[in-house]
Amino acid sequence: ALPDYEPAQASGELDVDLTTLSSTMVYSEVYNMLYTPDDYIGKTVKMKGAFAYYEDPETKEQYFACIIADAMACCSQGLDFIPTEEYTYPDDYPARGADITVTGEFRSYQDADGITCYRLVDAVLS
């Protein structure tokens, strides 16, 4: 952590704006985020994609994601996100597959099996 570090969300600035890139570049940048995550940890990311939702039938844990397809729409990848507490599913969410824009801070976490995963936290839908 840098001594003068101020999170971009607090200052209203974006560190990574994927909404301004071509579909090929967005897909490439998300790939980079997932395979070289240390370059992105703590950065505020804005992305557009398709809304996805899953509820684990055993734990009832809810998962939200923004899915991005490549230019040929043959491959996709995305990020799950943890929305701010002001959102309630399904009332405050679009239909599955609908286009969304989401902004949040890129962070890592350990899943139940101890595997490091990545997501956007304190996410806001627009």
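Glu-105 is buried, with a relative accessible area of 13%; here buried means under 20% relative accessible area, exposed means over 50%, and partly exposed lies in between, with a 1.4 Å probe and protein chains only. The side chain of Glu-105 makes a polar contact with the side chain of Arg-107 at 3.3 Å. Such a contact is a pair of N or O atoms within 3.5 Å; within protein, one atom must be able to donate a hydrogen and the other to accept it, and residues adjacent in sequence count only if both atoms are side-chain atoms.

The model is a predicted one, in which local features need pLDDT of at least 70 and side-chain atom pairs count only at pLDDT 80 or more, while totals for chains, interfaces and linings use all residues. Residues are numbered from 1 along each chain as its sequence is written, and side-chain values use heavy atoms, with hydrogens and water left out.

Turning to the overall architecture, the chain contains 2 helices and 6 strands, arranged from the N terminus as α-β-α-β-β-β-β-β. Of its 126 residues, 35% count as buried. The chain exposes about 7,700 Å², and carbon and sulfur atoms supply 49% of that area; accessible areas come from the Shrake-Rupley method with a 1.4 Å probe, and for residues only the protein chains shown count as cover. Among contacts (heavy atoms within 4.5 Å) between residues at least 6 apart in sequence, 57% join residues at least 24 apart.

Strand S2 has several pairing partners, where two strands pair if DSSP finds at least two bridges between them. Strand S1, residues 16-17, runs parallel to S2 and is joined to it by 2 bridges. Antiparallel pairing links S2 to S5 through 7 bridges, with Gly-49 standing opposite Ile-100 in S5. S2 and S3 are also antiparallel, with 6 bridges between them, and Glu-55 has Gln-62 in S3 as its bridge partner. Together, S1, H2 and S2 form a right-handed β-α-β unit; a crossover is right-handed if, with the strands pointing away from the viewer, the path from the first strand over the helix to the second runs clockwise.

Val-16 belongs to strand S1 and has Val-45 as its bridge partner in S2. With 10% relative accessibility, Val-16 counts as buried. Apart from neighbours within four places in sequence, Val-16 is in contact with Glu-29, Tyr-40, Lys-43, Thr-44, Val-45 and Lys-46. The C-alpha atoms of Val-16 and Thr-103 are separated by 9.6 Å, although the two residues are 87 residues apart along the chain.

What of the interior? In soluble globular proteins, nonpolar side chains tend to be buried together. In this model the largest nonpolar core has 24 residues, and those with the most contacts inside it are Leu-18, Met-47, Phe-81, Val-102, Phe-106 and Leu-120. The elements giving two or more residues to this core are helix H2 (23-35) and strands S2 (44-55), S3 (62-69), S4 (76-83), S5 (99-110) and S6 (116-125). A nonpolar core is a set of buried Ala, Val, Leu, Ile, Met, Phe, Trp, Tyr and Cys residues joined through side-chain atoms within 4.5 Å. Not counting residues up to four places away in sequence, Phe-81 touches Phe-51, Phe-64, Ala-65, Cys-66, Tyr-93, Ile-100, Val-102, Leu-120, Ala-123 and Leu-125.

The hairpin of S2 and S3 has 6 residues between the strands, and within it Lys-60 takes a positive phi near 65°. Lys-60 is exposed, with a relative accessible area of 54%. Asp-122, in strand S6, likewise is a residue other than glycine with a positive phi, near 50°, and counts as partly exposed at 40% relative accessibility.

The loop between S4 and S5 holds Pro-90, which a cis peptide bond joins to Tyr-89, with omega about 5°. Arg-96 is found in the loop between S4 and S5 too, and counts as exposed at 56% relative accessibility. Leaving out residues up to four places away in sequence, Arg-96 touches Phe-51, Tyr-53 and Tyr-89. Arg-96 and Ala-50 are 46 residues apart in sequence and 7.5 Å apart in space, C-alpha to C-alpha.

Methods
Helix = DSSP H or I, 4+ residues; strand = E, 2+ residues; numbered from the N terminus.
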